[in-house]
Amino acid sequence: MEDIIKILQAKRVNKYEIEQIAASVMGDAKKCDELFQLTKSEDDSLSWHAWWVCEHITKLASTSFADKREEIISLLLACQHEGKQRLILNILMRLESDGSVSVPLLNFCFDNMLSPSQPVAVQSCCMKMAYKLCQREPELLPELKVILESAEPEFLTPATQCTISKILKSIASVGKRAK
């Protein structure tokens with residue numbers, strides 16, 4: 001694990017290195033736990049890169065870290081680092097869940113999905129996560145729809161407008177199927 005820590009502490013880590021670390025950690029519960037502990041490091045490079053490895057692992061195995069879902073949500077809510085927020089949101093979107101809706105997570109998404117203080121990637125992840133959560137509680141879909149429809153396009157990037165458009169189309173198709 002010391003070799004992995006040295007790589008993750010570097011200012012620059014490439015995707016190949018992340019993939020190699022993920023492959024070496026996957027399937028080993030002890031190493032996965034050690035990796036997860038690295039996400040809490042005070043060293044921003046180390047924790048950011050550890051989150052990146054965790055994100056890659058969840059791409060390959062969506063049940064990875066499912067037992068840590070509530071802790072991951074708590075870490076997201078306390079996180080101020082935009083890059084980590086994006087990675088954590090991506091992890092949460094892939095994790096298997098019991099089907100319940102985390103109200104603090106949904107509130108975080110609602111608060112940040114159109115926030116001009118957030119980068120486009122975080123806004124987009126928040127919108128997608130909010131949509132995923134609202135699908136579990138369909139009575140929340142109209143609220144999400146109203147929020148997205150009220151967004152003023154002149155203040156949004158094309159990427160944000162595209163995400164809004166895709167989610168609104170998905171909400172409309174859900175409504176058509178329900179009728």
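Reader: How many disulfides does a search of the whole structure find?

Author: This is a predicted model, and its cysteine sulfurs can be compared with the 2.5 Å cut-off for a disulfide. The sulfur of C32 has its closest cysteine sulfur in C54, at 7.6 Å, which is too far for a bond, and the sulfur of C79 has its closest cysteine sulfur in C126, at 11 Å, again too far for a bond. The number of disulfides found in the whole structure is zero.

Reader: Is C79 buried or exposed?

Author: A residue counts as buried when its relative accessible area is under 20%. The relative accessible area of C79 is 11%, and C32, with 14% relative accessibility, falls in the buried class too. The class of C79 is therefore buried.

Reader: How far apart are the closest N and O atoms of K30 and E34?

Author: Both K30 and E34 belong to helix α3 (residues 29-38), where four residues, or about one turn of the helix, lie between their positions. K30 is exposed, with a relative accessible area of 60%, whereas E34 is partly exposed at 26% relative accessibility. The two residues form a salt bridge, in which the closest N and O atoms are separated by 3.2 Å.

Reader: By about how much of the helix are K15 and E19 separated?

Author: K15 and E19 form a salt bridge whose closest N and O atoms are 3.9 Å apart, and E19 is partly exposed, its relative accessible area being 28%. Because K15 and E19 stand four residues apart in helix α2 (residues 15-25), their separation is about one helical turn.

Reader: With which residue does R69 form a salt bridge?

Author: The search of the whole structure finds nine salt bridges, and a network of them links D33, D67 and K68. R69 is buried, at 5% relative accessibility, while E70 is partly exposed, at 48%. With the closest N and O atoms 3.6 Å apart, the salt-bridge partner of R69 is E70.

Reader: What is the handedness of the crossing of α5 and α7?

Author: Helix α5 (residues 69-78) packs with helix α7 (residues 103-112) at an angle of about 35°, and their axes are 10 Å apart. The crossing of α5 and α7 is left-handed.

Reader: How many nonpolar residues does the contact of α5 with α7 have?

Author: On the side of α5 the contact is made by R69, I73, L76 and L77, and on the side of α7 by P104, L105 and F108. Sorted by class, the contact of α5 with α7 has one charged residue, no polar residues, and nonpolar residues numbering six.

Reader: Is Q123 buried or exposed?

Author: Q123 sits in helix α8 (residues 120-136). Beyond its neighbours within four places in sequence, Q123 is in contact with N112, M113, L114, S115, P116, Q118 and T160. Its relative accessibility is 6%, so Q123 counts as buried.

Reader: What is the distance between the C-alpha atoms of A172 and L141?

Author: A172 is part of helix α10 (residues 158-178), and its relative accessibility of 39% makes A172 partly exposed. Along the chain A172 and L141 are 31 residues apart, and the distance between their C-alpha atoms is 9.9 Å.

Conventions:
Residues numbered from 1 in each chain as written. Predicted model: local features only at pLDDT ≥ 70, side-chain atom pairs only at ≥ 80, totals over all residues. Heavy atoms only, no water. Helix = DSSP H or I, 4+ residues; strand = E, 2+ residues; numbered from the N terminus. Buried < 20%, exposed > 50% of the residue type's maximum accessible area, 1.4 Å probe, protein only. Contact = heavy atoms within 4.5 Å. Salt bridge = Lys/Arg side-chain N within 4 Å of Asp/Glu carboxyl O. Axes fitted to C-alpha atoms, helices over the stretch in contact; angles between N-to-C directions. Left-handed = near helix turned anticlockwise from the far one by under 90°. Nonpolar A, V, L, I, M, F, W, Y, C, P; charged D, E, K, R; others polar.
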